[in-house]
Amino acid sequence: MTTTTGLTVSALAQRVGVRPDTIRYYERIGLLPTAARTSGAHRRWPEDTTDRLRFIQGCQRLGLSLGEIGDLLSVRDTGACPCEPAGPLLARHIDDLDTEIDRLTTLRAELAGMLQRVGPDCPDPTPGTWQPSASSRTQAHT
């Protein structure tokens with residue numbers, strides 16, 4: 001089918017703040033429907049494609065993968081509310097974030113402890129670490 005109306009790749013990319021390659025990639029992997037073509041084979045998307053792209057961007061900001069976004073779009077495209085499949089997906093991402101926050105909190109505490117031990121009288125580190133052993137620290141301070 002050929003068309004003369006709709007948004008070009010460049011116009012669509014500019015509206016949502018992505019590169020034209022991103023638009024073509026999303027079409028290729030099925031996140032965007034196949035665009036209508038002009039008689040010169042140029043892609044043209046309807047205006048509402050910007051809403052779909054903004055949905056994709058919003059999901060990406062939440063940390064969802066393109067595969068997960070595709071799953072939500074598949075449900076959304078049926079006309080059904082994507083809330084039911086989104087619930088467990090978002091809960092899983094919250095659990096992942098909580099795990100990462102715990103890991104980063106532990107890392108921060110380790111770094112803060114290391115920083116407190118940095119000083120002019122730095123004893124030899126314990127083998128396998130850069131931290132001095134407890135006995136080296138005791139000897140350095142006596």
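**A close look at a helix pair**

Mentor: Of its 142 residues, 26% count as buried. Keep in mind that this is a predicted model. Take the contacts between residues at least 6 apart in sequence: 44% of them join residues at least 24 apart.

Now for the pair itself. Two packed helices are described by the angle between their axes and the distance between the axes. Here the partners are helix H3, residues 49-61, and helix H4, residues 66-77. Their axes are 10 Å apart, and the packing angle is about 135°. Angles over 145 degrees would count as roughly antiparallel, and 65 to 115 as roughly perpendicular. As for handedness, H3 passes H4 in a right-handed crossing.

Who does the touching? On the H3 side you'll find Arg52, Phe55, Ile56, Cys59 and Gln60. H4 brings Leu66, Ile69, Leu72, Leu73, Arg76 and Asp77 to the contact. Sort the residues of this contact by type and you get seven nonpolar, one polar and three charged.

While we're on H3, have a look at threonine 49, which lies in that helix. Its relative accessible area is 3%, and anything under 20% counts as buried, so threonine 49 is buried. Leaving aside neighbours within four places in sequence, threonine 49 is in contact with Leu12 and Leu32.

Leu12 leads us to another pair, because Leu12 is one of the H1 residues that meet H2. Alongside Leu12, H1 uses Val9, Ser10 and Ala13, and these meet Pro20, Ile23 and Arg24 in H2. The axes of H1 (residues 9-16) and H2 (residues 20-29) come within 8 Å and cross at roughly 105°, which makes H1 roughly perpendicular to H2. This contact divides into five nonpolar residues, one polar and one charged.

Finally, follow H4 in the other direction, to helix H5. The buried residues of H5 are Ala86, Leu89, His93, Gly113 and Met114, and what covers them includes H4. You can check the length of H5 too: at 1.5 Å a residue, its 35 residues (83-117) should span 51 Å, and its end C-alpha atoms are 50 Å apart, which agrees.

Technical notes:
Residues numbered from 1 in each chain as written. Predicted model: local features only at pLDDT ≥ 70, side-chain atom pairs only at ≥ 80, totals over all residues. Heavy atoms only, no water. Axes fitted to C-alpha atoms, helices over the stretch in contact; angles between N-to-C directions. Helix = DSSP H or I, 4+ residues; strand = E, 2+ residues; numbered from the N terminus. Left-handed = near helix turned anticlockwise from the far one by under 90°. Contact = heavy atoms within 4.5 Å. Nonpolar A, V, L, I, M, F, W, Y, C, P; charged D, E, K, R; others polar. Buried < 20%, exposed > 50% of the residue type's maximum accessible area, 1.4 Å probe, protein only. Parallel < 35°, antiparallel > 145°, perpendicular 65-115°, else oblique. Expected span 1.5 Å × (residues − 1).
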